[in-house]
Amino acid sequence: MSERGGIWREDHCLWPRARLARDPLSRAVGLLGRRGLADDEALWLRPCSAVHMWGMRIAIDIVWLDGT
């Protein structure tokens, strides 16, 4: 199940409406069935080594984050 929250960098909120998908099912479902995302929405796949676009109805931007 995905968790709701924000994605922060130090004291700056990058995406206030983010969902964290940690388990295999929530990562596999991802954004399937969504018609879009608002500018302040994000889906954080953790862990993630690849992203697919199978079945997607929307274009996405991908940001790879590391531990620094």
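Let me begin with a definition: a residue is called buried when its relative accessible area is under 20%, exposed when that value is over 50%, and partly exposed in between. With that in hand, take glutamate 10, which at 75% relative accessibility counts as exposed because its value is over the 50% mark. Please keep in mind throughout that what we are looking at is a predicted model.

Glutamate 10 sits in the loop that runs between strand β1, residues 3–9, and strand β2. There is one further detail about its backbone, namely that its phi angle is positive, at about 55°, although glutamate 10 is not a glycine.

Let me move on to the charged side chains. Side chains of opposite charge can pair when their charged atoms come close. How many salt bridges does this model have? The count comes to 3, and I would like to go through them one after another.

One of them joins arginine 17 and aspartate 40, with 3.6 Å between the closest N and O atoms. Arginine 17 belongs to strand β2, residues 12–21, whereas aspartate 40 belongs to the loop between α1, residues 24–29, and β3, residues 41–45, so this pair ties together parts of the chain that are 23 residues apart in sequence. As for accessibility, aspartate 40 is partly exposed at 27%, and arginine 17 is also partly exposed, with a relative accessible area of 44%.

Arginine 17 takes part in another salt bridge, this time with the side chain of glutamate 41, at 3.3 Å from N to O. Here the partners lie in two strands, glutamate 41 in β3 and arginine 17 in β2, so the pair ties together parts that are 24 residues apart in sequence.

Glutamate 41 also meets arginine 34 in a salt bridge, with an N to O distance of 3.2 Å. Arginine 34 is partly exposed, at 27% relative accessibility.

Is glutamate 41 buried or exposed? Its relative accessible area is 18%, and because buried means under 20%, glutamate 41 counts as buried. If we leave aside the neighbours within four places in sequence, the residues in contact with glutamate 41 are Trp15, Arg17 and Arg34.

The largest pocket holds about 900 Å³ of space, and its lining is made up of 33 residues, of which Leu43, Trp44, Asp61, Ile62 and Val63 lie nearest the centre. The elements that give two or more residues to this lining are α1 and β3. Which element gives the largest share of the lining? That is β3, with 5 residues. Sorted by class, the lining has 24 nonpolar, 3 polar and 6 charged residues.

Next comes leucine 31, whose place is in the loop between α1 and β3. Leucine 31 is buried, since its relative accessible area of 11% falls under the 20% limit. Not counting residues up to four places away in sequence, leucine 31 touches Arg19, Leu37, Leu43, Met56 and Ile60. Its C-alpha atom is 9.3 Å from that of glycine 55, a residue 24 places away in sequence.

Finally, I would like to follow the chain into the segment after β3, where we find proline 47. The peptide bond leading from arginine 46 to proline 47 is cis, and its omega is near -5°. Histidine 52 lies in the segment after β3 as well, and at 46% relative accessibility histidine 52 counts as partly exposed. Its side chain reaches the backbone nitrogen of tryptophan 54 at 3.1 Å. The C-alpha atoms of histidine 52 and glycine 30 are separated by 9.9 Å, and these two residues are 22 places apart along the chain.

Key:
Residues are numbered from 1 along each chain as its sequence is written. This is a predicted model: local features need pLDDT of at least 70, side-chain atom pairs count only at pLDDT 80 or more; totals for chains, interfaces and linings use all residues. Side-chain values use heavy atoms; hydrogens and water are left out. A salt bridge is a side-chain nitrogen of Lys or Arg within 4 Å of a carboxyl oxygen of Asp or Glu. Helices (H or I, at least four residues) and strands (E, at least two) are DSSP runs, numbered from the N terminus. Buried means under 20% relative accessible area, exposed over 50%, partly exposed in between (1.4 Å probe, protein chains only). Contact means heavy atoms within 4.5 Å. On a 1 Å grid over the protein atoms alone, a cavity is a set of points where a 1.4 Å probe fits but cannot get out, and a pocket is an open set with protein on both sides within 12 Å along at least five of seven lines; lining residues have an atom within 4 Å of a point. Grid points are joined across faces, edges and corners, and a volume is the space filled by probe spheres set on the points. Ala, Val, Leu, Ile, Met, Phe, Trp, Tyr, Cys and Pro count as nonpolar, Asp, Glu, Lys and Arg as charged, and the others, Gly among them, as polar. A polar contact is a pair of N or O atoms within 3.5 Å; within protein, one must be able to donate a hydrogen and the other to accept it, and residues adjacent in sequence count only if both atoms are side-chain atoms.
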